[in-house]
Amino acid sequence: MKYLHPLALPCLLTSSLLLVTPCSLSAQKTADTSDKVAYTYLKQLVSPTEGIGAREAGTDKEKQTASYIKAKFEKFGYRTIEQDFSFKSRKSEGESQNIIAELGDPTKPTIILAAHYDSTAMKSGSMGATDNGAGVAAMLAIAKALTTKIPKNYNIRFIAFGAEEIGLQGSNYYVSDLFKNNKLNNIAAMINFDTIAGGDNVYVHSAHITPYSRCKSENYSSDTSIRAALLTASINVLGEDNKYVIHPDYEGYPEGVTGSWSDHASFACAGIPIAYVESTNFAINGKDGFDGYSQSTAEQLWSCYDQKNASACDKKAEKNWGNIWHTKFDSLEQLNKIFPGRVEQQLSNNVKVLIELLADPDKYLQSK
Ligand SMILES: [Zn+2]
């Protein structure tokens, strides 16, 4: 332990003077704060020795993960639904499920925080730690903390999406179900946690200014209000030095906007303002330019990285491109070796920012 928790001091004094009070118990309790508990959840989700490990869409491991998430939400006291669906993509077909949890009044304007829990590239050795155990672990820690901080004017809904990696199946199903049941109107915003820890910087994006080509309706939203709210909350909680970052302009993508490659896409298509939190590095000139696909400059993640040009030493010979997602580097063991303490720190930061925003959305969002 690096420092003594401020609450631990009176406890130690009391016990040494009076030989009473269950000090070890209360100290343990204060150490188990919501931002720390996220890392425990991450281990339970992604460690093949201490937890579940790889969780590919449609497999028993994915199902086991859904049960784990559902049990956690229920233990916190949330009303929890398992939404089953079948999927059929070009590559595979099968069954999966979304886990949906809320505590508040669903007729109120609802803010959704979502993270997909399936993983991919198990054959390459990926355990889906950054993609997307981290997002799920943080979401659970936030849900746990918010049980005692229910906002007055908003409902907060948490969703763990299944089968994201094989075509955003869970989120597509969820949004089309809302549409069918006429329940889209009170969704005020959607925040997507995907790959929120592991990369060099933590960014927040909004939807592209041009409607995604996959959208079927005319109701597209590129509204930036929820991105702005997250950015301000991150400044308030983490300070200017550690706040979320908006990525600079790059080819085809103006400053701060993202494509349709994760679970936020269906929501933007349905006219819902979205924000997408992602850890990566847009200052790297990657395989296809400065597009954020290379997550880090760490030399272990490159065949050869040229610091001066912020790119591969030899573009033709480069094999790894600073990628963590969908590679053997996406395990807690590897990440902790390459970046000691980083994943835990980024998880903690994300948890703190979201608790700040979701406990009192009125403070950050102009209109409901
Ligand atoms: Zn992902």
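## Zinc site

The four donor atoms around the zinc ion subtend angles of 52 to 146°, which makes the arrangement irregular. Four donors would be tetrahedral with all angles between 85 and 135 degrees; four are square planar and six octahedral if opposite donors are over 155 degrees apart and all others between 65 and 115; anything else is irregular. This is a predicted model: local features need pLDDT of at least 70, side-chain atom pairs pLDDT 80 or more, while totals for chains, interfaces and linings use all residues. Residues are numbered from 1 along each chain as its sequence is written, and side-chain values use heavy atoms, without hydrogens and water.

The protein donors are His-116 (NE2), Asp-131 (OD), Asp-194 (OD) and Asp-194 (OD), 2.0 to 2.7 Å from the zinc ion. Donors are N, O and S atoms within 2.8 Å of the metal (3.2 Å for Na, K and Ca); water is not among the atoms, so sites may look incomplete. Asp-131 lies in helix H5 and Asp-194 in the loop between E5 and strand E6 (201-207), so the pair ties together parts 63 residues apart in sequence. Both Asp-131 and Asp-194 are buried (under 20% relative accessible area, 1.4 Å probe, protein chains only).

## Sheet

Eight strands form an open, mixed sheet, ordered E1-E2-E4-E3-E5-E8-E6-E7. Strands are DSSP runs of E, at least two residues; helices are runs of H or I, at least four. Pairing takes at least two DSSP bridges. E1 (79-88) and E7 (257-258) are the edge strands.

E2 (residues 93-102) and E4 (residues 155-161) pair in the antiparallel sense over four bridges. Ile-99 stands opposite Ala-160 in E4.

Technical notes. Buried means under 20% relative accessible area, exposed over 50%, partly exposed in between (1.4 Å probe, protein chains only).
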